[in-house]
Amino acid sequence: MHLTLVGLSHKTAPVEIREKLTFPAHRQEEALSLLLATPDVAEAVLLSTCNRTEIYAVTAAEVDGPGAIIDFLVDYHDLDRHELVRYLYFSQGEAVIRRLFRVVSSLDSMVIGEAQILGQVKEAYEHAFANDASGRIFNKLFRQSFEVGKRVRSETDIGENAVSISYAAVELAKKVFDTLEGRTILILGAGKMSELTAKHLVGNGVRSVLVANRTFERAEELAARFCGSAIRYDELFEWIRDADIVISSTAATRYVVTKDKLARAMRGRKGSPLFMIDIAVPRDIDPDVNELDDVFLYDIDDLNGVVETNLEERMREARRAEEIIAEEIVAFERWLESMEVVPTVAAMRAKAEQIRSNELEKAIKRLGGLSEKELKTVDALTASIVNKMLHGPTARLKQTAGEKEGYAYVEAARFLYGLDANPEGKSPHTGLIKSLLGKAEKAAERAAEKASKKEMGDTIGC
Amino acid sequence: MEQAALVNYWFGMALYMVATVLYAYHFVAKRPLFSWYASFATGAGFIAHTASIVLHGLATSEIPITGAFNSLSLTAWALVLIYFVVEHLVKLKLYGVVLVPAALISMAAGQISLRATGVELPAEALAQLDSWRVTMHVVLIMVANAGFAVGAAASAVYLIQGVQLKRHKSSGLMKRLPSLTQTQVLARRAIMLALPVYTAGILLGIIRAIEFRLDYWWLDPRVMMSGVVWAIFASYLLLHYRRGASGRLLARLALAGLVAVVILAVFARTLPTGFHIFGL
């Protein structure tokens, strides 16, 4: 069995391709049943968002997992295989776990640290679970991935700092006013950018919106969108006295707000701060107004600077998130390795018991005429020998299962006790864990590499 | 009993020390859970400290208001009391980072001052102290001073945050400090609360001075300095409510007021004139 991932994202494919490969919620049941109808796929989860489509699957060991999933994608979406493959990425084994944990922690998102992806992965898993497409491995893997996502959000500040201009404006406004509830914003100029910023501020509780524009009708239009009021352009400085936040984005080529005029307007404000955002180019507000007491002016470059600093901070936090992911991968691998211990121990005990009872039966026949008490004693003796013989190996097997390379002991036990049906005593499960983690492939690659080196050595040296 | 008072004093100090470390960790690492532990340690320390003051009073059969040790201990006690009021009013744990260490330092200084030999008070001075008015005068002035300290701490935070915002720096410090309006409101409320208490404390002192027919009581350096402190904080409120003064000006005024309080409490008492000699 292999852990396999095939997908594409905003990093590998343009939207024209991404939109062709979506799996909307109402079609996931059908898609999952088609995917699982093939014997090659044992478990599957379809993650489909605007930025990525990823198919996580547990595929049969003997098949080409990525190939099987690509075939499914080609058939399901009726696409050209050669065209599609150019945009896809594939992972197998441990890389799948890492990728899922990174995706759910939003390290692979367009905006690092965004919170939506965790919910989207949860939704994808719930679809798979509801349609019996997830089994023992994915139930554990995805549930653990949600814990990873939560850990990353709670133990790092990855989602803390605003990384868009409008959110940065909201974040800064909160550093001036604490809460935006009940505040008044004055929009100067009816531009798109100021509208977007105002929308975010209103979404954060701003109570009233005032709009001033050279064309009064446009001011009225924009004010109506926020249930606000339009004000006359020439009355601007009278209204600034009532405003807490000013967003300016006019097409004026000179400063609309100058230091002198604003200083006069500030006299009537009783010391309450004024936060000004100038997103116009050329600027509408004289930068000198920042020198006035209680006035805090940010232009587009200042806001960009804040966003850049925040992005850098998120990148720093992303490194901490990678450490958490590495820990969680180890935890998942240990779980996988311990997964086979219990059935192996049970099989060892069952086999020993079978041997004991067969041999006991033969011995009793040979001895003949044993009393009830003697029979019980012999039975207890053999059971005790078997138990004592098995106690050490089974206890140590359980103990080592949680350790690194514990799977090797499990495989060795299965081989030594001949627990599997084939004549060589080789487990049909042998390589399950290795293949799930991609170790079989790595080992094979290493062997091939070794062989090729040897070949090369032979060619060059000998 | 004196022994129990001392044990409680040290226990209170140890708990404030733990709270200081926890508040600092909370400030740096932004872990809300640690601020809760810090509040708990501060609360426990406050109980131990209160017990120490009560036990000390019972052991000496007098209200512990005289001497440097008692002054510093009461200052620490009032600071923590005011801090809890602040935390309740504005739900800000940040001030614990400043005020709890300040209380700790005050207690430690009190402990050190015990080693210094105190001044024997003359019988006349002891007679002046023998009144509930003097006790209330001292307690009210201590509580008011703690309120002024909170107001000044909030004002200092306001100025730091204001500079960060003016310089357009999106630093970790800016993110950790509270908003300008929060600090403004806290400073104003603390001063509004402290000034009437201070006024009452001063009036009780004046009444006692008149009762005792002290000549030229107003020429005492501490009395004069307390007038300066009162004038600064009264101007603060006046400038805010009547003139709508800027936040920066008010914050600077609050800091100037705290400087005056420190001069009064530390330096004015060392001058060899006046009748305020109880604190030495």
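Helices (H or I, at least four residues) and strands (E, at least two) are DSSP runs, numbered from the N terminus.

This is a predicted model: local features need pLDDT of at least 70, side-chain atom pairs count only at pLDDT 80 or more, and totals for chains, interfaces and linings use all residues. Residues are numbered from 1 along each chain as its sequence is written, while chains are lettered from A and ligands numbered from 1 in the order in which they are written.

Strand 5 of chain A pairs with it in the parallel sense over four bridges. Two strands pair if DSSP finds at least two bridges between them.

Now select strand 6 (residues 208-212) of chain A. Strand 5 of chain A pairs with this strand too, in the parallel sense, over five bridges. Pick out Ile187(A): its bridge partner in strand 6 of chain A is Val211(A).Next, follow helix 9 (residues 192-203) of chain A, which carries the chain from strand 5 to strand 6 of chain A in a right-handed β-α-β crossover. Right-handed means clockwise from the first strand over the helix to the second, with the strands pointing away from the viewer.

**The side facing chain B**

Show both chains: 19 residues of chain A are in contact with 18 residues of chain B (C-beta atoms, placed from the backbone, within 7 Å). Select helix 8 (165-177), strand 10 (295-299) and helix 13 (300-339) of chain A; each supplies at least two residues of the side that touches chain B. Helix 13 of chain A gives the largest share, five residues.

Conventions
Two residues are in contact if their C-beta atoms, placed from the backbone, lie within 7 Å.
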